[in-house]
Amino acid sequence: MTQAFRIENSGLINRDKKLSFKFNGKTYLGYEGDTLASALLANGVHLIGRSFKYHRPRGFFGAGVDEPYAVVQLYRNGETEPNIKATEQELFEGLEAKSVNCWPSVNFDIGAINNFLKIFLPAGFYYKTFMWPKSFWYRIYEPFIRKAAGLGVASTKHDKERYEHKYEYCDLLIAGSGPSGLAGAYAAAKNGAKVILAEDKPRFGGSLLTSDVNIGNQSGKDWADGIIAELKTMPNVVIKNRSQIFGYYDHNMLVMSEKVSDHLPSTKKYHPNKRLWYIRAKEVLISSGSIERPIVFGNNDTPGVMLSSAAKEYLKVYGVLVGRKPLVFTNNDSGYETAIEFKKHGVDPVVLDSRKNAESEIIDEAKNLGINIKNSHVVVAAQGYKKVKSADIASISEDKKQLGKIENIQCDCICVSGFWTPTIHLASQSGNKTKFKEEIDAFVPGESKQNEITLGAANGIFSLDETLKTSFTAGSELSKKITENDNEIAIPNVVEKKSSQHDKFWCVPLPKGKNYKRFLDFQNDVAVSDVEIALREGYRSIEHVKRYTTLGMATDQGKTSNLNGLQLVSEIENKVVPAVGHTTFRPPYTPVSIGAIVGREVGKHSKPTRKSPMHSWHEKNNAVFVDAGVWLRPRYYKRGNENLFDASKREAKNVRANVGVCDVTTLGKIDIKGPDAAELLNRVYTNAWLKLPVGKARYGLMLREDGIVMDDGTTTRISENHYHMTTTTAQAANVLSHLEYYLQLVWPELNVNVVSTTEQWAGAAIAGPKSRDLLQKLFPNSDVSNEGLPFMGYMEGDLFGVKARIFRISFSGELAYEVNVESDYGNFMWEKIMEVGAEFNIQPYGTEALSTLRIEMGHVAGSELDGRTIPFDNALEGLVSKKKDFIGKRSLQRSAFTAEDRQRIVGVVPLDKQTSIPEGSHLVKDDKAPLPNPKLGHISASCWSVEYDNPFSLAILKDGKNMIGQKLFAMSPVKNKVIPVEIVSSHYVDPKGERVRS
Amino acid sequence: MLYINCPHCGMRSQNEFSYGGDASVKRPELNKEVSDQEWDNFVYNRKSLRGKHLELWQHISGCRQWIKVERDTTTHEIFRTFKADEEVA
Ligand SMILES: [Zn+2]
């Protein structure tokens with residue numbers, strides 16, 4: 001098929017480059033510079049899809065971002081993307097697209113019975129019909145609705161494309177490159193301001209690309225081209241096409257989505273598909289223009305009915321005729337521009353002007369060209385199913401209530417202009433309370449809330465002359481404030497033929513005895529009758545009417561429907577439009593790819609990954625890693641066919657029998673220095689710290705002010721005024737902030753400095769009965785005997801020439817040490833430990849074995865210190881000083897915290913000594929009790945005790961102190977398990993703690 | 001995203017900061033007898049003001065200083081910012 005509707009001598013497309021593309025399986029040709037919409041129209045394709053609810057045939061209504069119908073499924077380079085507007089998608093070689101919302105095909109759509117069977121789906125239909133019987137919902141209604149609805153399918157494959165985020169700062173951000181945007185940008189740029197000019201379309205110039213105006217003795221387009229060319233040479237200007245500013249957030253932060261590659265058959269190497277810009281602007285000029293408003297009439301959704309500005313754009317930008325027998329239906333001068341453009345290309349339009357008499361230069365021109373103009377005439381209904389074939393037209397009385405005799409005239413398209421609606425989305429998002437402007441029947445921005453000014457048509461100014469004057473001035477004034485330059489700009493002369501007078505008329509009444517569907521919202525199939533029903537049923541707030549009817553809730557966010565909906569409500573309610581109010585505009589202005597929003601933060605980049613200096617050793621030695629916060633830690637080291645259970649058991653056993661080594665680099669480390677360091681520790685920890693000698697470590701417990709345990713760890717006095725604090729891996733950042741809070745805000749008089757040294761030290765825990773023998777070999781010149789380095793002792797040592805810190809502390813409950821060296825020597829330390837430890841049968845152990853060792857010792861960790869427990873609950877009340885005050889102490893006096901039957905940590909063993917108890921299981925007295933079965937406690941951590949070779953768990957149990965010896969049930973509905981258990985002491989192994997001191 | 005003037009570093013985006021709640025709350029002195037009510041007010045009870053609010057933020061991804069920010073909770077307008085030890089007049 002040739003491009004039968006393409007005309008010569010018109011358009012900005014590149015006719016030297018033909019592109020072939022497929023739509024619904026059929027191959028067509030277009031040109032470089034086309035959109036999918038213009039290329040289809042050039043080939044005479046008007047049927048693009050089916051409507052959302054009634055599955056009525058859908059054509060093209062607009063030519064850009066306002067398009068409500070032409071949403072397609074796009075296929076590009078092996079990927080597919082739904083919800084693509086054909087009017088925005090640029091054509092590339094090999095493009096493939098399919099209709100959505102139709103099955104089995106766009107020409108024969110079964111869903112269209114919704115339209116013919118009179119199961120008309122009025123407002124609230126789904127709410128009313130599918131409410132009962134309840135059981136029908138999942139089985140019948142939902143699957144049906146799911147199949148019938150939707151705007152395409154999301155790909156289930158991994159997205160190969162790359163998306164970037166960029167942060168930018170500028171003096172002036174200008175949203176839209178029409179006349180006001182260009183003037184504002186130019187004036188600001190001339191004053192040396194750092195300017196970003198954003199245009200969502202591929203071509204700059206906005207309305208100047210299609211309007212018949214002269215600026216400074218050039219055509220509007222030539223003037224725009226000149227300005228753009230000059231802006232591009234200026235180093236202080238960033239000028240971006242295909243870039244939609246879609247959100248205006250707090251403190252002048254705007255977000256822009258730049259389509260970098262969507263217009264190409266595939267994304268170039270090293271290029272992103274889209275780039276999301278976070279722009280912090282000192283000043284914002286909103287020059288987003290306006291969108292033409294439809295006039296509502298019967299069957300106004302028939303393919304071939306479109307905005308008159310769109311018809312003109314297809315002609316002037318793409319050289320495409322949307323019809324050969326056009327009917328222009330207008331209530332203002334804009335329709336004449338379109339009619340004249342048709343006429344210039346040898347096509348005879350008929351103009352229906354709802355105005356009785358209107359005069360302007362452009363109307364005179366139309367008359368002189370011999371265009372057939374019918375004043376006080378309207379389209380009553382479009383006729384034709386898949387394409388407009390004719391129109392029922394009639395004269396209309398001056399009060400717009402009475403129709404004259406209906407006559408049918410042949411036409412193949414109806415170009416509608418109901419005047420213009422300013423695009424105020426960004427202004428509204430900025431917090432600007434918009435106001436209704438009577439002369440233009442639309443909302444415009446009110447008082448600025450942030451540093452934003454709305455210019456030109458977006459501000460309801462439809463005269464080009466006034467637009468340019470105010471925009472040049474705004475650009476100059478705002479930039480002058482910032483750069484203190486003041487370059488005079490000569491404002492060019494403007495010749496504009498059309499006036500901005502229009503008829504306050506938006507909906508054609510129904511003729512007697514006719515029941516045409518008159519659509520307000522084209523994407524969501526909301527008709528005049530739906531809004532009438534909603535109001536009859538008592539909905540009053542415009543927000544409720546919107547949600548009940550779904551008016552303006554489609555992906556186009558009601559760009560072409562909102563105002564007409566408001567007009568209708570105000571008419572029925574007999575209120576003025578501003579009293580009806582309008583719904584709030586929220587970002588995004590237009591749909592934005594999830595990929596663009598996510599940016600690079602996908603897969604392993606979704607969070608930072610922290611690795612210890614020994615990570616590569618662990619990798620080489622078959623470590624299986626586990627996420628510990630953002631750290632990767634070895635969970636176990638796999639040997640042969642071992643699984644987690646076998647390996648962790650082997651590793652834990654070896655610690656109990658010989659010696660093991662565990663990477664503890666991830667523990668938080670905070671360096672604390674200053675004469676008041678001990679005083680700080682004394683205030684943040686529950687236990688006493690003032691008398692800790694140099695060279696000694698102490699276990700400490702930290703509370704929040706509400707008495708809940710925040711963290712635990714050991715702190716070592718390195719020298720007189722120097723302490724080394726450790727925190728749990730998870731709480732490291734919070735503890736630092738906590739200390740800083742008290743030092744900076746509460747006790748600034750304390751002379752202490754804290755700094756995180758987590759990354760500066762690599763740590764290895766050496767645990768097991770043979771750990772001292774190993775340590776002695778690692779540090780032959782140090783006295784690491786029980787006397788030389790007693791439990792909770794500290795010394796510095798020389799590890800084969802590397803300075804090391806040696807702490808005698810234990811988490812495993814065995815005789816154990818922690819050795820720290822500077823991170824760069826971490827791997828060296830580890831290799832030496834493994835090498836020297838070989839004769840003691842050393843094995844590395846991971847977090848799973850570590851857990852086993854601490855659980856059977858009854859040592860608490862994150863699963864007990866879970867933000868809900870106090871020291872008593874963890875059997876740590878011995879660490880709570882009675883003498884001194886500390887953070888959170890006063891809260892421990894709360895009656896619930898001192899209750900006799902307060903929850904407390906216990907050990908739990910299954911009676912059969914076989915069944916492992918799932919973590920999270922509830923402990924109950926009676927497993928047969930009716931639900932809700934009173935919960936006495938929960939299992940916080942479970943392991944396989946290597947000491948006793950049976951399962952062992954820790955639990956936080958109500959009145960735990962008096963429950964030892966009781967028989968209860970551990971119930972896990974999630975795992976479907978009921979396990980009879982016995983409550984035992986939480987100190988299952990070595991209850992007297994003799995090993996650590998041995 | 002808010003744009004906060006750190007008194008130590010200058011204008012920085014909100015994602016460099018973490019929020020720290022009401023800055024007008026004063027911790028009772030250590031070792032002082034405190035009534036239940038007084039302690040509850042310190043730990044739990046907050047006004048949740050609508051309008052001008054003096055609050056704490058920490059510049060965690062910057063200088064790590066805790067600062068005070070006077071902000072309108074309805075409009076997000078930030079009027080002034082203060083160093084931790086600066087008196088708020
Ligand atoms: Zn700072």
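Visitor: How many residues of chain A are in contact with chain B, and what makes it contact?
Guide: In this predicted model, 28 residues of chain A are in contact with 28 residues of chain B. Contact means heavy atoms within 4.5 Å, so each of these residues meets that cut-off.

Visitor: How much area is buried between chain A and chain B?
Guide: About 2,300 Å². Carbon and sulfur atoms give 52% of that. In chain A, A:H251, A:Q744 and A:R890 lose the most area to chain B, together 27% of what that side buries.

Visitor: Why is the pair B:R27 and A:E705 called a salt bridge?
Guide: The closest N and O atoms are 2.4 Å apart. The cut-off is 4 Å, so B:R27 and A:E705 count as a salt bridge. Across the interface of chain A and chain B, the rule finds three salt bridges.

Visitor: How many residue pairs are in polar contact across the interface of chain A and chain B?
Guide: The rule finds 18, with both residues at pLDDT 80 or more.

Visitor: Which element supplies the largest share of the side of chain A that touches chain B?
Guide: Helix 20 of chain A, with nine residues. By class, that side of chain A has 13 nonpolar, five polar and ten charged residues.

Visitor: What makes A:V528 and A:L535 of helix 12 buried?
Guide: Buried means under 20% relative accessible area, and A:V528 and A:L535 are buried, so both fall under that value. Others in helix 12 of chain A are buried too, including A:D530 and A:I533. After helix 12 comes A:G538, with a positive phi near 105 degrees.

Terms used: Residues numbered from 1 in each chain as written. Chains lettered and ligands numbered in written order. Predicted model: local features only at pLDDT ≥ 70, side-chain atom pairs only at ≥ 80, totals over all residues. Heavy atoms only, no water. Buried area = accessible area lost by both parts, 1.4 Å probe. Salt bridge = Lys/Arg side-chain N within 4 Å of Asp/Glu carboxyl O. Polar contact = N/O pair within 3.5 Å; in protein donor to acceptor, adjacent residues only side chain to side chain. Helix = DSSP H or I, 4+ residues; strand = E, 2+ residues; numbered from the N terminus. Nonpolar A, V, L, I, M, F, W, Y, C, P; charged D, E, K, R; others polar. Buried < 20%, exposed > 50% of the residue type's maximum accessible area, 1.4 Å probe, protein only.
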